[in-house]
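Thanks for coming, everyone. Please have a look at the structure first, and then I will walk you through it.

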Amino acid sequence: MTADELRVVVETADEGVVLIRVRGSLDGWSGPSELVEALEGAARSGGRLTVADLSRLEFADSTGLHVLLNAQRRHTEAGVRLVLAGPLDTGLSRLFEVSGTIGAFTFADTVDAALSC
């Protein structure tokens, strides 16, 4: 896997919980459709919680932010909680801060902490 590739793995962590592990780069070049599909499927699953593990996400730009904002909206509409788990890369944290979107998401320091939300 090169640094520009995006890898998405979907796991069922517990009944009603979907864990989506994301690694690589989330941008227009990486083709985020696999992540979009995973997040939309989790929102439609009827579960109670989706955890997006972003701890191995090396880079994200406005395309990645757009994917996550849309996922948050879809989860809210479906009544499913979406939690973004870290620890987050400094650049990713900065993206949320400078875009003013940090308040649009629920964050957890680790996957374990997110699973207990």
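Let's start with charge. This is a predicted model, where local features need pLDDT of at least 70, side-chain atom pairs count only at pLDDT 80 or more, and totals for chains, interfaces and linings use all residues. Residues are numbered from 1 along each chain as its sequence is written, and side-chain values use heavy atoms, with hydrogens and water left out.

The protein carries 10 positive and 17 negative charges. Lys and Arg count as positive, Asp and Glu as negative; His and the chain ends are not counted. Each charge is placed at NZ of Lys, CZ of Arg, CG of Asp or CD of Glu. How far apart are the mean positions of the positive and negative charges? The answer is 3 Å.

Next, the fold. There are four helices and five strands. These are DSSP runs, numbered from the N terminus: helices are H or I with at least four residues, strands are E with at least two. Read from the N terminus, the order is β-β-α-β-α-β-α-β-α.

Now the overall dimensions. The C-alpha atoms fill a box of roughly 35 × 30 × 25 Å along the principal axes. The radius of gyration is 13 Å, which agrees with the value near 13 Å for a compact globule of 117 residues. That radius is taken over C-alpha atoms, and the globule rule is 2.2 Å times the number of residues to the power 0.38.

What about burial? Of the 117 residues, 41% are buried. Buried means under 20% relative accessible area, exposed over 50%, partly exposed in between, with a 1.4 Å probe and protein chains only.

On to contacts, meaning heavy atoms within 4.5 Å. Take those between residues at least 6 apart in sequence: 70% of them join residues at least 24 apart.

Finally, the aromatic rings. The structure holds three aromatic pairs. Rings of Phe, Tyr and Trp (its six-membered ring) pair if their centres lie within 6.5 Å; planes under 30 degrees apart are stacked, over 60 edge-to-face, the rest tilted. One of the pairs is F96 with F107, edge-to-face, 5.1 Å centre to centre and 75° between the planes. F96 sits in helix α3 (residues 90-99) and F107 in strand β5 (residues 106-108), so this pair ties together parts 11 residues apart in sequence. F96 is buried, at 1% relative accessibility. F107 is partly exposed, at 29%. F107 also pairs with F105: centres 6.0 Å apart, planes at 65°, so edge-to-face. F105 is buried, at 7%. Ring pairs link F96, F105 and F107 into a cluster.
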